[in-house]
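Open your viewer and keep the selection tool at hand.

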Amino acid sequence: YKSEEMDSLKNISIKLPKKGIVGITGASGSGKSSFLYAMAGLKRHLCTGSIIFNGRDCRKMLEKDMINLRRERFGFVFQKHFLIPYLSILDNTLVVNNNYENEDKAKKLLEELALGDYIHRKPTSMSVGQCQRVAIVRALLNKPDVIFADEPTAALDAQSCQIVMKMFEREAENSLILLVTHDEKVFPYLKNRIVFEDGKIVRIEE
């Protein structure tokens with residue numbers, strides 16, 4: 001990623017690994033989420049420069065191609081879970097990418113996150129933390145090349161956070177996870193960290 005300037009990002013140039021967990025930290029308003037969304041191609045028209053993935057500049061791709069790239073190669077965990085309220089918990093994990101051939105895997109991941117008894121419930125009957133765990137399963141299910149996670153553990157208790165981070169560690173053996181966080185419970189899992197301040201990268205910890 002190389003950018004001259006965006007509203008909240010300034011003069012950034014960085015090459016990221018193909019796998020592992022990379023933490024993105026810094027104070028509120030420092031540019032962490034803007035960087036994440038730019039990398040995911042969600043704000044690609046709001047910045048200058050290049051966002052290169054697999055040799056292609058995401059900023060120059062047609063919107064339909066960018067949509068397919070996000071659907072097939074990327075996974076997302078936002079601060080809000082964005083579950084579909086009229087679908088069951090299980091169907092919420094499977095509906096993205098029409099992923100119904102992975103039903104057994106979805107059930108296994110939901111069980112791992114203590115949601116095995118809730119798969120036929122609707123999100124409206126679940127807590128915020130439970131819904132966030134469902135969103136995490138949805139992001140992991142397609143084995144994406146890159147997972148963009150914006151404060152994924154903010155609504156989780158310590159035990160659920162530990163389970164989720166262990167799942168992320170397992171996934172990171174083959175994928176890159178970009179994880180924006182203020183959650184100190186997550187910090188021990190961040191061997192690599194990008195620190196933002198005032199829209200700039202001020203430190204890279206490896």
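The tour starts with confidence, then goes to the sheet, its strands and its helices.

This is a predicted model, in which local features need pLDDT of at least 70 and side-chain atom pairs count only at pLDDT 80 or more, while totals for chains, interfaces and linings use all residues. Residues are numbered from 1 along each chain as its sequence is written, and side-chain values use heavy atoms, with hydrogens and water left out.

**Stop 1: colour by confidence.** pLDDT is the predictor's confidence in each residue, from 0 to 100. The protein averages 89, and 94% of the residues score at least 70.

Stop 2: Helices (H or I, at least four residues) and strands (E, at least two) are DSSP runs, numbered from the N terminus. Two strands count as paired if DSSP finds at least two bridges between them. Here 6 strands make an open sheet with mixed pairing, in the order β6-β7-β8-β3-β9-β10. β6 and β10 (200-205) are at the edges with a single partner strand each, so one side of each has no neighbour in the sheet. From one strand to the next, the twist averages 20 degrees.

**Stop 3: select β7, residues 146-150.** Buried means under 20% relative accessible area, exposed over 50%, and partly exposed in between (1.4 Å probe, protein chains only). In β7, 5 of 5 residues are buried. Val 146, Phe 148 and Asp 150 point one way, and Ile 147 and Ala 149 the other. In a regular strand the side chains alternate between the two faces of the sheet.

Strand β6 (residues 74-77) runs parallel to β7 and is joined to it by 4 bridges; look for Phe 74 opposite Val 146. Strand β8 (residues 176-180) is also parallel to β7, with 5 bridges, and there Leu 176 stands opposite Val 146.

**Stop 4: select β3 (residues 20-26) and β9 (residues 192-197).** These two strands pair in the parallel sense over 5 bridges, with Val 22 opposite Asn 192.

**Stop 5: select helix α2, residues 63-73.** Which residues of α2 are buried? They are Met 66, Leu 69 and Arg 70. These residues lie on the same side of α2 because they cover an arc of only 95 degrees around the axis, taken from the directions from the helix axis to the C-beta atoms. Lys 64 and Glu 72, on the other side, are exposed. The cover over the buried residues includes β4 (52-53) and β6, where contact means heavy atoms within 4.5 Å.

**Stop 6: select Cys 131.** This residue lies in helix α5 (residues 128-140). Is Cys 131 buried or exposed? Cys 131 is buried, with a relative accessible area of 2%. Leaving out residues up to four places away in sequence, Cys 131 touches His 81, Leu 83, Pro 123 and Met 126. Finish by putting a distance between the C-alpha atoms of Cys 131 and Ala 155: they are 24 residues apart along the chain and separated by 9.3 Å.

Methods. Axes fitted to C-alpha atoms, helices over the stretch in contact; angles between N-to-C directions.
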